[in-house]
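Hi everyone, thanks for letting me take a few minutes. Have a look at the sequence and the model, and then I'll walk you through some spots.

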Amino acid sequence: MGRRIGITGGIGAGKSVVSRLLRLRGYKVYDCDTEAKRLMEGDEKLSEGLRGILGDRAYIDGKLDRGYIAERIFNDSEIREAVNGCVHKAVRKDFLKFAEGSGGDVFVESAILATGGFLPLVDEVWLVDAPEELRIARVERRNGMTREKVMERIETQRGEFQMLPVEKTRRIENTDEASLLNETSALLASSDRL
């Protein structure tokens, strides 16, 4: 059986680039953001749970009302925690099904591996990082966000990465000088397990 490896990092660090490189090499990578969206609309048990928390207004004609949900969770921390708990549980269960019988290494990409409850499910964590100014510039270019908005995101994410277990976390530096391909290849080839 292969390893289960979590890929994480803050906004603009490059975790999605690492995931794309892995997919190009034939590895299975589970993207938590994409799969959470799919499950919120396609998983009946999760839909029922969300309706129980948010009411029937959470869905319009079977489609998630993202604006309504965003308004509810940003204005009420109890609702936010309940929704996150419900969604994270469904995503973890779906990831385990995805990883089952993979035979080789399988990856899970999430900015919130720790708070999403994934740390007990992975053997290793790859933390993708880059200098803050470089991250800010990347996100400004890519998303058109203002510097202030990017900084808000960076600040809200800081605590997440402090929760990662040192003994099973490996760092990938994603600077313009460093080659993500080389760093990823080196981690894949590493024979010493954490």
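**A walk through the model**

Let's start with Thr175, which touches Pro131, Leu134 and Arg138, leaving out residues up to four places away in sequence; touching, or contact, means heavy atoms within 4.5 Å. Before I go on: this is a predicted model, where local features need pLDDT of at least 70 and side-chain atom pairs count only at pLDDT 80 or more, while totals for chains, interfaces and linings use all residues. Residues are numbered from 1 along each chain as its sequence is written, and side-chain values use heavy atoms, with hydrogens and water left out.

Where does Thr175 sit? You'll find Thr175 in the loop between β7 (169-173) and α8 (180-189). Helices here are DSSP runs of H or I with at least four residues, strands are runs of E with at least two, and both are numbered from the N terminus. Thr175 counts as buried because its relative accessibility is 18%; buried is under 20% relative accessible area, exposed is over 50%, and partly exposed is in between, with a 1.4 Å probe and protein chains only.

Okay, on to helix α1, residues 15-24. Its buried residues are Lys15, Val18, Ser19, Leu21 and Leu22. Looking down the axis of α1, they fall within an arc of 160°, so they line one face of the helix; the arc is taken from the directions from the helix axis to the C-beta atoms. Those buried residues of α1 pack against β1 (4-8), β2 (28-31), β5, β6, β7 and α8. And just after α1, Gly26 has a positive phi of about 95°.

Now a helix pair. Helix α3 (residues 44-54) and helix α5 (residues 77-99) pack at an angle of about 175°, and their axes are 10 Å apart. That's why α3 is roughly antiparallel to α5; the label needs an angle over 145 degrees, while under 35 is roughly parallel, 65 to 115 is roughly perpendicular and the rest is oblique. Axes are lines fitted to C-alpha atoms, for helices over the stretch in contact, and angles run from 0 to 180 degrees between N-to-C directions.

Last stop, the core. The largest nonpolar core has 33 residues, and Val87, Val91, Val108 and Phe118 have the most contacts inside it. Such a core is a set of buried Ala, Val, Leu, Ile, Met, Phe, Trp, Tyr and Cys residues joined through side-chain atoms within 4.5 Å. Its largest share, seven residues, comes from α5.
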